[in-house]
Amino acid sequence: MAASTPRPLSLAPDVDRDMGGEAERTTSGSWRGITERPWWPWLTRGVALAFFAVVAWLIVRQARTVDWPAVWQALLALPASVLAVAGALALASHCTYGTFDLIGRHCIGHRLSRTTTLGIAMTSYPFTLNLGSLIGGVGVRYRLYERRGVNPGTIGQVVGTSILTNWVGYLLLAAVLAWLWQLPTVAGWTVELWQWRLGGTVLGCLPVAYVVLCAIRAGRALTLRGHEFPLPRWPVALWQVAVSATNWMLMGAALWTVLQGEVSYAAALATVLLGAVAGLVLRVPAGLGVLEAVGVALLAHGALGQDKVLAALLAYRALYYFLPLVLAAVAFGVAELRWRRSEAADDSKN
């Protein structure tokens with residue numbers, strides 16, 4: 001029997017892997033090289049500035065078509081009792097949002113009291129709403145926690161838990177809303193009912209998947225790329241979804257109140273939900289002009305004209321955004337003053 005000829009050893013797989021790894025490193029290196037160029041920050045800032053300029057131009061263009069004297073008259077015509085109820089709902093929403101950090105306290109286990117944790121969350125929230133997450137969620141919140149001895153890693157986990165809590169309830173409400181309310185035709189653009197409901201169903205699967213993941217992990221942290229993300233047990237995860245949904249529903253109720261029931265509650269809630277996403281995508285501080293544009297597009301029809309819708313939205317903005325910001329700024333200023341006096345007293349003793 002003839003001896004079999006040995007097959008030559010093939011190095012192709014190793015060569016391919018080496019070439020693939022080299023190509024990946026080259027691509028990664030070239031991209032990193034671009035981002036490290038001196039002109040890269042100026043390019044990104046220029047693109048962002050141009051984007052904001054376009055958005056601002058569109059808002060100003062839309063604002064020029066508004067009968068502002070009529071809006072002002074509609075705003076003055078809002079009953080004081082309506083504003084009082086809407087203000088109470090806004091306060092309830094801010095208090096509810098403050099409990100998000102209590103969930104983070106439960107999951108992470110820092111030692112600040114519940115009252116202090118609630119106060120920090122409620123102080124930073126108006127800054128986040130009006131000035132963006134970088135100032136409110138990071139700057140103010142980090143400073144208030146750090147002043148009380150909480151380390152940056154723990155603060156980051158608390159903030160992350162709060163953000164997660166905020167959006168799991170949002171997704172659930174968006175899913176329910178898709179089955180209770182149909183998006184109207186906006187600027188000739190229409191979404192089919194089945195598409196609208198399918199999108200909502202997909203969104204609704206995300207909070208369900210989160211609760212299932214928490215049930216599977218049974219309180220064990222999830223590790224991704226060397227970073228640990230604490231997960232609560234499933235009853236706490238359910239509480240996250242419930243308290244977040246309650247917060248968004250209170251926001252919708254506040255807007256529906258200043259609209260004096262002339263639209264359905266579902267339409268008012270949809271305005272809040274869609275306005276929040278639009279403001280997040282466009283990165284306009286406080287969603288200024290964005291929420292108003294969304295509200296006019298969704299709510300202005302028939303007897304409820306553009307002037308009444310804008311008046312209601314401006315009242316809602318004043319009660320939910322601006323007034324809490326004033327109170328939060330005072331609270332933050334008082335806290336800073338106390339800390340500075342405490343530091344000065346300690347220095348004098350030393």
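## Burial and overall make-up

A residue is buried when its relative accessible area is under 20%, exposed when over 50%, and partly exposed in between. By that rule, buried residues make up 36% of the 350 residues in the protein chain. The model is predicted. The chain exposes about 20400 Å², and carbon and sulfur atoms supply 67% of that area.

The protein chain has 12 helices and two strands. Along the sequence the order is α-α-α-α-α-α-α-α-β-β-α-α-α-α.

## Helices α9 and α10

Two packed helices are described by the angle between their axes and the distance between the axes. Helix α9 covers residues 234-258, and helix α10 covers residues 265-282. Their axes come within 8 Å and cross at roughly 115°. The crossing of α9 past α10 is right-handed.

Which residues meet here? On the α9 side they are W248, M249, M251, G252, A253, L255 and W256. On the α10 side they are Y265, A268, L269, T271, V272, L273 and A276. By class, the contact holds 12 nonpolar residues, two polar and no charged.

## Two loop residues with positive phi

Q260 lies in the loop between α9 and α10. Its phi is near 55°, a positive value in a residue other than glycine. Is Q260 buried or partly exposed? Q260 has a relative accessible area of 41%, so it counts as partly exposed.

A218 also has a positive phi, about 55°, and is not a glycine. A218 sits in the loop between α8 (193-217) and β1 (222-224). Its relative accessible area is 31%, so A218 is partly exposed.

A74 belongs to helix α3, residues 68-76. Why does A74 count as buried? Its relative accessibility is 17%, and the cut-off for buried is under 20%.

Which residues does A74 touch, leaving aside its neighbours within four places in sequence? A74 is in contact with D307, K308 and A311. L310 gives a C-alpha distance for this region: the C-alpha atoms of A74 and L310 are separated by 8.7 Å. A74 and L310 are 236 residues apart along the chain.

Key:
Residues are numbered from 1 along each chain as its sequence is written. This is a predicted model: local features need pLDDT of at least 70, side-chain atom pairs count only at pLDDT 80 or more; totals for chains, interfaces and linings use all residues. Side-chain values use heavy atoms; hydrogens and water are left out. Axes are lines fitted to C-alpha atoms, for helices over the stretch in contact, and angles run from 0 to 180 degrees between N-to-C directions. Helices (H or I, at least four residues) and strands (E, at least two) are DSSP runs, numbered from the N terminus. A crossing is left-handed if the near helix is turned anticlockwise from the far one by less than a right angle, and right-handed if clockwise. Contact means heavy atoms within 4.5 Å. Ala, Val, Leu, Ile, Met, Phe, Trp, Tyr, Cys and Pro count as nonpolar, Asp, Glu, Lys and Arg as charged, and the others, Gly among them, as polar. Buried means under 20% relative accessible area, exposed over 50%, partly exposed in between (1.4 Å probe, protein chains only). Accessible areas come from the Shrake-Rupley method with a 1.4 Å probe; for residues, only the protein chains shown count as cover.
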